[in-house]
Amino acid sequence: MIKKELVIIINYFWQISKYKDEELPLYQQSGNPTWTSVSDIGKRYNRRIFTVSNYMTVEELFIKAIQVFMISSTSTKLIVKQLEKPLNLEVIEDNIVKTGFSLEDSKEMLNFFQKVRQGMSISLNEVELMTRLALREYVWVQLESETMFVRFDYDYYVDIGSTERCDDAVKQVCDMNLSVNLWDKPYPFSSPT
């Protein structure tokens with residue numbers, strides 16, 4: 001018997017970012033330059049040093065934002081798709097130390113990195129670890145369920161698609177002081193599921 005793949009119609013697409021109107025994340029030719037990556041820790045922006053603590057505050061917001069969309073889309077788990085692991089564990093450990101994170105505090109994330117595989121189902125709690133890995137550029141991945149997807153882009157952008165409008169999730173994420181932009185159709189990347 002041939003197994004048919006279920007096709008889900010994703011109707012709503014959003015892009016979440018940390019950027020405000022006056023910030024330019026990509027080329028920074030005008031406006032207020034801002035950090036775009038974990039590798040910017042230790043650099044100076046607007047006369048202040050960008051610290052691990054500053055980074056962690058924003059990373060936590062992204063984790064909560066993705067979890068809010070999961071709850072709104074009634075997704076209790078996501079499937080790992082398009083997984084790329086361009087770095088080995090030793091390089092990641094060196095990077096963790098170099099950027100000022102604690103290896104001890106990163107143990108759970110590093111263990112998850114070693115076990116995560118294409119097609120693996122991850123829970124709402126494991127989404128935290130996957131989000132950290134993706135936002136810190138240790139993996140590239142797309143996560144999918146029957147009702148939504150999460151796509152991690154460069155420069156601290158995360159795309160989310162859903163079968164539902166998720167108005168409450170959008171409001172909650174905006175209340176977190178993150179930017180949420182509705183994509184005009186069609187979504188510019190091939191739609192998953």
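1. Strand β7 is mostly covered, with six of its six residues buried; buried means under 20% relative accessible area, exposed over 50%, and partly exposed in between, with a 1.4 Å probe and protein chains only. Both faces are covered: M148, V150 and F152 are buried on one side, and F149, R151 and D153 on the other. In a regular strand the side chains alternate between the two faces of the sheet.

2. This is a predicted model, in which local features need pLDDT of at least 70 and side-chain atom pairs count only at pLDDT 80 or more, while totals for chains, interfaces and linings use all residues. Residues are numbered from 1 along each chain as its sequence is written, and side-chain values use heavy atoms, with hydrogens and water left out.

3. The protein chain has five helices and nine strands; these are DSSP runs numbered from the N terminus (helices H or I, at least four residues; strands E, at least two). From the N terminus on, the order of elements is β-β-β-α-β-α-α-β-α-β-β-β-α-β.

4. Seven strands make up an open sheet, ordered β5-β4-β6-β7-β8-β1-β9, with antiparallel pairing; two strands pair if DSSP finds at least two bridges between them. From one strand to the next, the twist averages 25°.

5. On one side, β7 is joined to β6 by three antiparallel bridges, where Q142 stands opposite R151. A hairpin of three residues connects β6 to β7. Towards β8, the antiparallel pairing extends over six bridges, and D159 in β8 is the bridge partner of R151. The β7–β8 hairpin also has three residues between its strands, and D155 in the turn has a positive phi of about 60°.

6. Strand β4 (residues 77–84) runs antiparallel to β5, to which three bridges join it. In β5, S123 is the bridge partner of K77.

7. Helix α1 (residues 52–72) lies across β1, β4, β7 and β8, at about 165° to β1. Helix α4 (residues 124–135) lies across β4, β5, β6, β7 and β8, at about 105° to β5. Axes are lines fitted to C-alpha atoms, for helices over the stretch in contact (heavy atoms within 4.5 Å), and angles run from 0 to 180 degrees between N-to-C directions.

8. For the protein chain as a whole, buried residues make up 48% of the 193 residues. Of the contacts with a separation of 6 or more, 69% are between residues 24 or more positions apart.
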